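Morning, everyone. Please look at the screen.

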Amino acid sequence: MRPNGRTSLRDAIDRIETRQSDFDAFLSAQLNIGDKAVFRTDASGNVISNNRQHQRLTGFSVGEVEGGGWINVIHPKWRTCIHDKWAAAVKEGREFSEDIMYVTPEGEEYMVHVNAYREIDSNGDIRGFLGVVTPHKDGRVHCPHMDRCQVAQD
């Protein structure tokens, strides 16, 4: 397969690859235009990106939440419970919806609600998750599943 400047199969593949890269770049940039805090994961549930609003909300950069680094955004007393719930949702291939206590890098606690939606391809395979983080209005709402989570209360 050799390019011939326009009509070869190699040229067609190159055009498809370029368009796909352009579209991926467009979608990534588009995540920054809204007021929603958003993160994306791979199919294993590891964070691959977060938008500017998410960075502002959490105080953590892309590099700090990448992979499994997202756990540092979760309050230390909540980490085990939330990690286990997230791992179960990923393993079972289901969406995720939880109230979670977050903590800033400076140690400030605040409540959020996280919804993570499956990104499903045309074959029905989960390619990753798109997460939306919404801060609670009062900031200190307690998890309705506190006993089940075995999260220590103040």
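Which residue in strand 5 does V112 stand opposite? That residue is P135. Before going on, note that this is a predicted model.

V112 and P135 bring us to the pairing of strand 4, residues 109-120, with strand 5. These two run antiparallel and are joined by nine bridges. They form a hairpin, with five residues between the strands. In that turn, G124 has a positive phi of about 85°.

Strand 5, residues 126-135, also pairs with strand 1, residues 37-42. This pairing is antiparallel too, over six bridges. For example, A37 has V133 as its bridge partner, and V38 has V132.

Next, strand 1 and strand 2. Strand 2 covers residues 47-50 and pairs with strand 1 in the antiparallel sense, over three bridges. T41 stands opposite V47 there. Strands 1 and 2 make a hairpin with four residues between them, and G45 takes a positive phi near 90°.

Now the core. The largest nonpolar core has 25 residues. W70, I74, F96, I100, Y102 and V114 have the most contacts inside it. Strand 1, helix 4 (79-92), strand 3 (96-103), strand 4 and strand 5 each supply at least two of its residues. Strand 4 gives the most, with five.

Let me finish on V114. Leaving out residues up to four places away in sequence, V114 touches F39, F96, S97, E98, I100, Y102, V132 and V133.

Conventions:
Residues are numbered from 1 along each chain as its sequence is written. This is a predicted model: local features need pLDDT of at least 70, side-chain atom pairs count only at pLDDT 80 or more; totals for chains, interfaces and linings use all residues. Side-chain values use heavy atoms; hydrogens and water are left out. Two strands pair if DSSP finds at least two bridges between them. A nonpolar core is a set of buried Ala, Val, Leu, Ile, Met, Phe, Trp, Tyr and Cys residues joined through side-chain atoms within 4.5 Å. Buried means under 20% relative accessible area, exposed over 50%, partly exposed in between (1.4 Å probe, protein chains only). Contact means heavy atoms within 4.5 Å.
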